[in-house]
Amino acid sequence: MSNIEMISSKDALGSKIGCVTLTKHFFKKNGIADNGTKDLPFSFSEYEGLPVQYMNQVHGTSVQVINDYADEPIENTDALFTRSKKVSLAIRSADCLPIAIANSEGTEIALIHAGWRGLSSGIIEKTLKMFDLDNKELKAWLAPCISQKEYEVGDDVYKAFITLDEASVKSFKKLNSEKWLLDLQAQATRILEKFEVSVSQSNYCTYNDEELFYSYRRDKTDKRVLTLLWRKDG
């Protein structure tokens, strides 16, 4: 599959883990014309021989453990965790940051949908608690999301982060007295590294790379690209 159809984590999560972001080109090539948030679960349900487990993302901090595939999207959650080899975890996004995490043994994986609300409320920290560390290091891959220079937020967002963690100031650039630019990847990286997680990034911007990605900020679209995370058999 070509680079314009998918962005791969390669071996950032280890050789036992598969993780990709499927772009606009993938869906167009496969005849999936409308992959909006409501229609996608019914028109794309399998990848690499595994059923795709969706969730109804609500910008919260709920983390759900997946033991078996469920036909319907998991309700009201923004992170999925599994030890199963029989399911592919999925996140739909059009600017928010998908975060894939795996342990060094490739036996535990998690996929997080991280917007500013989830990041400021501790969704990463809550998800990391699901892993049985036992001296097994964790690795994370940050999938394509909006870049800092395109992500303008209000003073309310800035205060939401700073009130809980003053060090979050490092992830902001001030525009004026009421506006800031937020770096989602920098904020996620800072949190992950605080817990000694090794972090790799995709370095794509969903806002600027219009050929590859949908962007809600750019187009107010209901369409989404798809990030998938799964355990390999080998």
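Student: Which classes do the lining residues of the largest pocket divide into?
Tutor: The lining splits into 9 nonpolar, 8 polar and 5 charged residues. Keep in mind that this is a predicted model.

Student: What volume does that pocket have?
Tutor: About 500 Å³ for the largest pocket.

Student: And which residues are closest to its centre?
Tutor: His-59, Cys-96, His-113, Tyr-216 and Arg-224. They belong to a lining of 22 residues.

Student: OK, the second largest pocket. What volume?
Tutor: About 200 Å³.

Student: Which residues lie nearest its centre?
Tutor: Leu-133, Leu-138, Phe-195, Glu-196 and Val-197. The second largest pocket has 11 lining residues.

Student: How does that lining divide by class?
Tutor: It has 5 nonpolar, 1 polar and 5 charged residues.

Student: Switching to packing. Which members of the largest nonpolar core touch the most other members?
Tutor: Ile-99, Ile-101, Ile-124, Leu-182 and Leu-192. That core holds 35 residues.

Student: Take Leu-182. What does it touch, leaving out residues up to four places away in sequence?
Tutor: Trp-116, Gln-148, Tyr-151, Val-153, Val-157, Phe-161, Ser-171 and Phe-172.

Student: What about the second core? How many residues?
Tutor: The second, separate core has 24 residues. Among them are Ile-66, Ile-74, Ala-94 and Leu-212. As background, nonpolar side chains tend to be buried together in soluble globular proteins.

Student: What share of the whole chain counts as buried?
Tutor: 54% of the 234 residues.

Student: Zooming out, how many helices and strands?
Tutor: The protein chain has 7 helices and 15 strands.

Student: Why call the chain as compact as a globular protein of that length?
Tutor: Because its radius of gyration is 17 Å, close to the 17 Å that the globule rule gives for 234 residues.

Student: What box do the C-alpha atoms fill?
Tutor: Roughly 50 × 45 × 30 Å along the principal axes.

Student: For contacts between residues at least 6 apart in sequence, what share joins residues at least 24 apart?
Tutor: 65% of those contacts.

Student: Last one, Thr-163. Buried or exposed?
Tutor: Thr-163 is exposed, because its relative accessible area is 67% and the cut-off for exposed is over 50%. Thr-163 sits in helix H5, residues 155–164.

Student: How far is Thr-163 from Gln-64?
Tutor: They are 27 Å apart, C-alpha to C-alpha, and 99 residues apart in sequence.

Technical notes. Residues numbered from 1 in each chain as written. Predicted model: local features only at pLDDT ≥ 70, side-chain atom pairs only at ≥ 80, totals over all residues. Heavy atoms only, no water. 1 Å grid on protein atoms, 1.4 Å probe; cavity = no way out; pocket = protein on both sides within 12 Å on 5 of 7 lines; lining within 4 Å. Points joined across faces, edges and corners; volume = space filled by probe spheres on them. Nonpolar A, V, L, I, M, F, W, Y, C, P; charged D, E, K, R; others polar. Core = buried A, V, L, I, M, F, W, Y, C linked by side-chain atoms within 4.5 Å. Buried < 20%, exposed > 50% of the residue type's maximum accessible area, 1.4 Å probe, protein only. Contact = heavy atoms within 4.5 Å. Helix = DSSP H or I, 4+ residues; strand = E, 2+ residues; numbered from the N terminus. Rg over C-alpha atoms; globule rule 2.2 N^0.38 Å.
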